[in-house]
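Biologist: Could we go through a few helices of this model together? Please show it first.

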Amino acid sequence: MASHYEAPIRKPLVIGDKNYHDVSVDISAPIEGRANRQWWIVFSIALAALLWGIGAIIYTISTGIGTWGLNKTVNWAWDITNFVWWVGIGHAGTLISAVLLLFRQKWRMAINRSAEAMTIFSVIQAGLFPIIHMGRPWLAYWVVPIPNQFGSLWVNFNSPLLWDVFAISTYLSVSLVFWWTGLLPDFAMIRDRAVKPFQKKIYGLVSFGWTGRAKDWQRFEEVSLVLAGLATPLVLSVHTIVSFDFATSVIPGWHTTIFPPYFVAGAIFSGFAMVQTLLIIMRKVCSLEAYITVQHIELMNIVIMVTGSIVGCAYITELFIAWYSGVEYEQYAFLNRATGPYWWAYLLMMSCNVVSPQVMWFKKIRTSIVISFVISIVVNIGMWFERFVIIVTSLHRDYLPSSWTMFSPTFVDIGIFIGTIGFFFVLFLLYARTFPVIAQAEVKSILKSSGSKYKKLRDAGQPLYQMPTGTAAVKEVKVAEVAKPEETGKVGDLLSKLGTFDPNTDKADDLKKVKGIGPKMEQTLNQIGIYTFAQVSRMTDTEYQMLDEITGAFPGRAQRDDWAGQAMKLNKKS
């Protein structure tokens with residue numbers, strides 16, 4: 001019990017009195033069962049947005065990017081704003097998972113899978129905008145530093161835009177490996193539970209032969225830690241390089257050394273907000289309220305509040321440095337942001353990013369699901385306007401008043417952006433129907449310390465292993481005591497099929513000779529009333545499942561190791 005001890009003051013991270021078998025069933029349910037009504041509603045909305053975006057992209061490519069609201073001054077406008085916004089969201093996902101893993105935070109178990117998947121899908125959306133912005137995307141290979149039909153056409157390696165390509169592609173590669181590595185135990189779980197041969201074969205391939213051996217887990221933990229250690233500094237460098245797109249220029253409002261840490265803080269801020277949005281949606285459409293609890297939502301809100309305060313501090317620092325510099329062009333750039341024709345965008349940015357997270361100081365608000373969902377969306381709206389303010393207000397009025405102009409997006413600009421949001425959610429919802437959205441193996445690792453069922457047993461001074469009974473009362477079956485079906489519910493049903501053991505006439509076998517049954521499991525089987533090879537040899541798929549439900553330990557282990565077949569051979573020898 002001591003190894004699973006956790007302070008009583010800590011709230012359970014898994015509620016609903018779940019055991020190990022329940023975790024497998026609940027997390028597999030969205031994949032094995034039919035999609036519910038909520039999933040179809042959200043998916044239909046996302047698909048409609050995606051189709052709108054596809055239409056806008058086709059119109060843009062067939063007509064030209066003149067369909068956008070670009071002009072000579074603001075030639076970095078809507079598309080680059082969206083690019084930086086998606087990159088910021090994407091870069092936070094793996095960072096969230098990796099940092100929480102390195103700091104051994106248990107509440108990571110419910111959010112890491114959504115955060116890692118968010119990274120992959122966000123970077124896909126971000127990559128669309130530079131390609132479309134080229135005007136002729138079918139010639140995108142020109143930017144790749146390889147020989148082409150023009151001979152020695154090479155990209156400018158001094159440009160931070162090219163640094164973006166290398167940084168983001170490296171980050172995407174590490175994130176993919178980190179994400180897939182974490183999925184291996186879950187793929188194996190779905191493989192072992194699969195009924196259809198095709199499904200079993202597919203999940204068998206993607207699980208890379210995972211068997212659950214101690215060696216597998218050792219390598220899994222080592223690789224996870226190494227990848228987390230690589231991903232953390234990589235994330236910081238990637239969004240720092242994105243900030244160099246602006247900071248290395250001489251445009252007032254951009255040419256500042258605060259941009260790298262400011263962009264990193266903003267990326268974490270917007271990333272946590274997007275993960276919060278996804279978690280609240282997933283807990284509803286996949287019925288995962290027992291695993292994505294109010295406690296998880298509250299902890300996420302605390303991080304959003306802290307990072308929002310850091311971003312607010314960066315805004316104030318920008319204003320102070322502009323005033324303190326004494327450079328009139330810098331001073332005017334920030335004065336124009338706050339009081340110029342785009343004042344409304346600046347006001348929205350400050351309200352959403354600085355003011356709205358501060359309501360999380362109140363526990364009643366940060367534990368409200370509805371308010372948390374609204375604030376998470378508000379924060380990402382604010383972070384989009386931050387990028388819009390940085391890009392548009394610094395470009396629409398430059399050194400020459402004769403070139404001053406206004407930017408306004410067209411319906412094509414808006415359509416493409418909404419299309420990427422739809423694409424993102426379509427990918428995520430399809431992913432939730434194919435891959436487990438929660439790491440079941442990791443949830444099981446914290447179940448005895450953070451599960452409400454085991455916390456109640458510990459607080460009551462009861463052992464963590466209890467036999468379920470027909471009356472739902474906690475009752476333990478004694479060793480060498482024959483269980484009666486009417487007294488023991490599921491235990492009685494199981495013994496009625498396997499046969500009962502009479503200590504006066506029957507002789508107990510050494511069940512440890514069966515591969516997969518150790519001293520602890522033998523004791524568990526004896527408590528149930530299983531003592532002989534003959535009893536074990538009568539197990540079929542139905543009895544295996546009943547045994548898993550009763551013990552809640554190592555679901556599927558008995559079936560995989562074929563205890564019945566082993567026991568049959570041992571019974572013949574004896």
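Biologist: What should the 27 residues of helix α2 span at 1.5 Å a residue, and how far apart are its end C-alpha atoms?

Modeller: This is a predicted model, in which local features need pLDDT of at least 70, side-chain atom pairs count only at pLDDT 80 or more, and totals for chains, interfaces and linings use all residues. Residues are numbered from 1 along each chain as its sequence is written, and side-chain values use heavy atoms, with hydrogens and water left out. Helix α2 (residues 37-63) should span 39 Å, and its end C-alpha atoms are 39 Å apart, which agrees. The expected span is 1.5 Å times one less than the number of residues. Helices are DSSP runs (H or I, at least four residues), numbered from the N terminus.

Biologist: Which residues of α2 are buried?

Modeller: W39, F43, A46, A49, L50, G53, A56 and T60 are buried (under 20% relative accessible area, 1.4 Å probe, protein chains only). Their cover includes α4 (112-133), α8 and α14 (411-432), where contact means heavy atoms within 4.5 Å.

Biologist: What follows α2?

Modeller: G64 does, with a positive phi near 120°.

Biologist: Turning to α11, which of its residues are buried?

Modeller: In α11, A345, Y346, M349, C352 and N353 are buried. They cover an arc of only 145° around the axis, so they lie on the same side of α11; the arc is that of the directions from the helix axis to the C-beta atoms.

Biologist: What do they pack against?

Modeller: The buried residues of α11 pack against α8 (259-285), α9 (294-325), α10 (328-339) and α13 (369-395).

Notes
Buried means under 20% relative accessible area, exposed over 50%, partly exposed in between (1.4 Å probe, protein chains only). Helices (H or I, at least four residues) and strands (E, at least two) are DSSP runs, numbered from the N terminus.
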